[in-house]
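Subject: Structure handover

Hello,

Here is the structure I promised to pass on. Please open it alongside this note, as my findings follow below it.

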Amino acid sequence: MISAGYLRECIQVYGSVRKSAVDSSFRRLGIEKLSIGDIQRLEWDALESKIRRWIRAAKVCVRILFASEKKLCEQIFDGIETAAVDEACFVETVKGPAVQLFNFAEAVSISRRSPEKMFKILDLHDALVDLMPDIESVFDAKSADSIRVQAAEILSRLAEAARGILSEFENAVLREPSKIPVPGGTIHPLTRYVMNYISLISDYKQTLIELIMSEFAELESKPPLALHLIWIIVILQFNLDGKSKLYKDVSLAHLFMMNNVHYIVQKVKGSMELREMIGDDYLRKLTGKFRQSATNYQRATWVGVLYCLRDEGLHVSGSFSSGVSKSALRERFKSFNGMFEEVHRTQATWLIPDTQLREELRISISEHLIPAYRSFLGRFRSHIESGRHPENYIKYSVEDLESAVLDFFEGCPVSQHSRKRSQ
């Protein structure tokens, strides 16, 4: 046909025959004929599944299917003097399928941005980066320029999408609007979501380090990605601080901040990649912050309770050694009993989900409360027991207080704790 002057017709016939074979391979690989609009209208779960399938299929298409078609053209048209017949036949065969293949990645790259899409977009980006040398090699003909350009542009848009999603994620964390305090001051769902998200970000460290531009040019001691992650934690804490003010009980507000910042610290410590990027200096600051919240909780809760156990105001003037005002002492015991009962009843329903942190705070409470109560009881028990109805005033033994402290921060009412201990 070529020698008879039917070059174009030859190319078209060859392309038509081989294209049907390529289309058949596409179907076996699960590559569907979807427009960019069709792809963008898919629900995210369906699109996520198709992205995984596309990555596997794209590797087969570029490295095996298209490469084999190119080799076949070279073999069939070897020795024909007409220039670049093999290239023309190859491009005629695969240009349509290649455009169909890359249109999927293009549709994802220009779709609406949202945080859940970040990691699949990065997977797509990494897959395309990995394929680019093969794409350059397979589509090296001048007539295949548009395919190489399309792949390069998609790669650029995927990078831009990842940068945009990270920026939008930061804004979403800052503006997360929930105004209902979580019961018991436990870990807020936002904290879990954000820390799990940035832990996943750290898994893509190598890719994101190349993609993320610094907005903090004056802070050159850390790479831009690390600064972005620290910034996300900073704005998360800012949001959590606002949410802590939703609690009417100041002690619970401090407990809430302690729980949440402690969770942030544990997530950073639990990921080697994340800890390396965040750095020990900032990790120490976070640790100091949750410990300060624990101290603030103890002050807000226990200063008033322990104030009941002071000597001041109990002694009758002029007779320091034995002159104790029994009425003042009875009132002091009643105040202590009432305040401790209220704290015990309330804070048993509060929750510290981390077992070690819960135990550490209970020990700290006991170290302040138990010696003070033991000393007070030792000094003044006889004055109450020598009067009428001492059981109305001395309601707790030291052992009772030690046992009661074990009820704190379990997240359920005291009655349920009592049943647990009796089982």
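Which helices each supply at least two residues of the lining of the largest pocket? They are α10 (250–269), α12 and α14 (355–385). Please keep in mind that this is a predicted model.

**The largest pocket**

The largest pocket holds about 160 Å³ of space. Its lining includes His262, Gln266 and Lys269. Thr287, Phe290 and Arg291 line the pocket too. Asp354, Gln356, Leu357 and Glu360 complete the list. By class, that lining has 2 nonpolar, 4 polar and 4 charged residues.

Start with α12, which spans residues 280–307. Its axis comes within 12 Å of the axis of α9 (residues 224–244), and the two cross at roughly 15°. Angles under 35 degrees count as roughly parallel, so α9 is roughly parallel to α12. The crossing of these two helices is left-handed. On the α9 side, the contact uses Ile230, Ile233, Val234 and Gln237. They meet Tyr282, Leu286 and Lys289 of α12. By class, this contact has 5 nonpolar, 1 polar and 1 charged residues.

Now α14. Its axis and that of α15 (residues 398–405) come within 10 Å and cross at roughly 165°. Angles over 145 degrees count as roughly antiparallel, so α14 is roughly antiparallel to α15. Here the crossing is right-handed. From α14, the contact takes Arg362, Ile365, Ser366, Leu369, Ile370, Tyr373, Arg374 and Leu377. From α15, it takes Val398, Leu401, Glu402 and Val405. The residues of this contact divide into 8 nonpolar, 1 polar and 3 charged.

**α3 and α4**

How are α3 and α4 packed? Their axes lie 10 Å apart, at an angle of about 170°. That makes α3 roughly antiparallel to α4.

- α3 brings Leu47, Lys50, Ile51, Trp54, Ala58, Cys61, Val62, Phe66, Glu69, Lys70, Cys73 and Glu74.
- α4 brings Asp86, Cys89, Phe90, Thr93, Val94, Pro97, Ala98, Leu101, Phe102, Phe104, Ala105 and Val108.

By class, the contact of α3 with α4 divides into 18 nonpolar, 1 polar and 5 charged residues.

**The cavities**

How many cavities of 30 Å³ or more are there? The count comes to 2.

The largest cavity has a volume of about 140 Å³. α3 (44–76) and α4 (85–109) each supply at least two residues of its lining. By class, the lining divides into 6 nonpolar, 2 polar and 3 charged.

The second largest cavity has a volume of about 40 Å³. Ser178, Lys179, Ile180, Pro181 and Val182 are part of its lining.

**Where to look**

- The largest pocket, with α10, α12 and α14 in its lining.
- The α3 and α4 pair, with the axes 10 Å apart.
- The largest cavity, at about 140 Å³.

Best wishes

Key. Residues numbered from 1 in each chain as written. Predicted model: local features only at pLDDT ≥ 70, side-chain atom pairs only at ≥ 80, totals over all residues. Heavy atoms only, no water. 1 Å grid on protein atoms, 1.4 Å probe; cavity = no way out; pocket = protein on both sides within 12 Å on 5 of 7 lines; lining within 4 Å. Points joined across faces, edges and corners; volume = space filled by probe spheres on them. Helix = DSSP H or I, 4+ residues; strand = E, 2+ residues; numbered from the N terminus. Nonpolar A, V, L, I, M, F, W, Y, C, P; charged D, E, K, R; others polar. Axes fitted to C-alpha atoms, helices over the stretch in contact; angles between N-to-C directions. Parallel < 35°, antiparallel > 145°, perpendicular 65-115°, else oblique. Left-handed = near helix turned anticlockwise from the far one by under 90°. Contact = heavy atoms within 4.5 Å.
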